[in-house]
Amino acid sequence: MRDRIDSRPITILKIGGSLLTETDGFGEAVAEVRAHVDRGHDVVAVVSAMNGTTDRLWAAAHELAERPDAKLLSSLLATGEDAAAALFGIALRQAPTIEAAVLSALELGLVTEGPDLDATPVAIDANRIRQLLRTRGVVVAPGFVGRSAAGDPTILGRGGSDLTALFLAAELDAVDCRLLKDVGGLFTSDPKRDAAVDASRSARRYERATWDEVMRIGGGVVQPKAVRFAKRHGTGFQISPFGSVGTSVGRGPNELHGAEA
């Protein structure tokens with residue numbers, strides 16, 4: 001374990017659940033963290049539940065009750081993120097020189113307000129996370145989940161791990177925030193759908209896009225509430241798969257790969 005007084009640039013990596021199927025994808029996620037550590041950055045890895053976990057838990061709860069108690073449902077769904085964070089911590093600790101601190105939803109201490117199932121983050125102990133980064137260099141945190149001011153479990157709505165990552169980027173003054181997904185970035189249309197409908201059609205990738213353009217394109221690539229938060233706070237971010245630049249999102253201008261949008 002290291003003990004550094006100096007602070008290093010912070011990168012936030014949101015690792016989407018679609019990239020993690022059972023234990024597949026963890027090796028690539030570890031390599032992504034390692035790449036940023038090797039370039040001199042501390043890393044906060046915000047982890048989503050593994051692919052399909054949230055849907056399975058949601059369905060199980062609704063088989064038992066038409067309208068499950070919101071606090072109990074939030075607590076249930078949070079177990080998916082906690083499990084993924086713990087597994088990622090196990091994977092990271094196999095990597096030489098990485099001693100990641102792994103936080104549970106409760107330990108993260110993300111304070112929220114609003115509806116239990118669609119809450120908004122409002123506070124976190126940023127100094128505590130910075131201290132963990134000074135001693136460990138890497139912190140793994142569950143996305144999507146938080147706690148009300150009264151201490152009750154909450155979730156941030158569908159796609160809420162995007163919001164967790166962007167909130168932490170703003171609170172920690174991160175120099176880089178990457179939303180890692182199973183897509184190559186933001187496209188003018190859905191590449192998979194285009195290929196299925198007409199092989200001659202080709203969606204074009206944005207090199208850069210404004211927050212408004214991301215919301216206009218839609219398609220569920222990034223949680224709209226998270227994009228609105230980023231715009232309000234002037235937080236830029238990237239949408240990309242592992243090991244790629246993808247699309248840079250911020251003030252713009254919009255720019256397609258190879259041409260102006």
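A residue is termed buried when its relative accessible area is under 20%, exposed when over 50%, and partly exposed in between (1.4 Å probe, protein chains only). By this criterion, 48% of the 261 residues of the protein count as buried. The structure is a predicted model, in which local features need pLDDT of at least 70 and side-chain atom pairs count only at pLDDT 80 or more, while totals for chains, interfaces and linings use all residues. Residues are numbered from 1 along each chain as its sequence is written, and side-chain values use heavy atoms, with hydrogens and water left out.

The protein contains 9 helices and 14 strands, assigned as DSSP runs (helices H or I, at least four residues; strands E, at least two) and numbered from the N terminus. Its radius of gyration is 18 Å, close to the 18 Å given by the globule rule for 261 residues, so the protein is as compact as a globular protein of that length. Here the radius is taken over C-alpha atoms, and the rule is 2.2 Å times the number of residues to the power 0.38. Along the principal axes, the C-alpha atoms fill a box of roughly 50 × 50 × 35 Å.

Contacts were defined by heavy atoms within 4.5 Å. Of the contacts with a separation of 6 or more, 73% are between residues 24 or more positions apart.

Residue A105 lies in helix α4, which spans residues 105-108. A105 is buried, with a relative accessible area of 8%. Not counting residues up to four places away in sequence, A105 touches D82, P142 and V145. A105 and L64 are 41 residues apart in sequence, and their C-alpha atoms are 25 Å apart in space.
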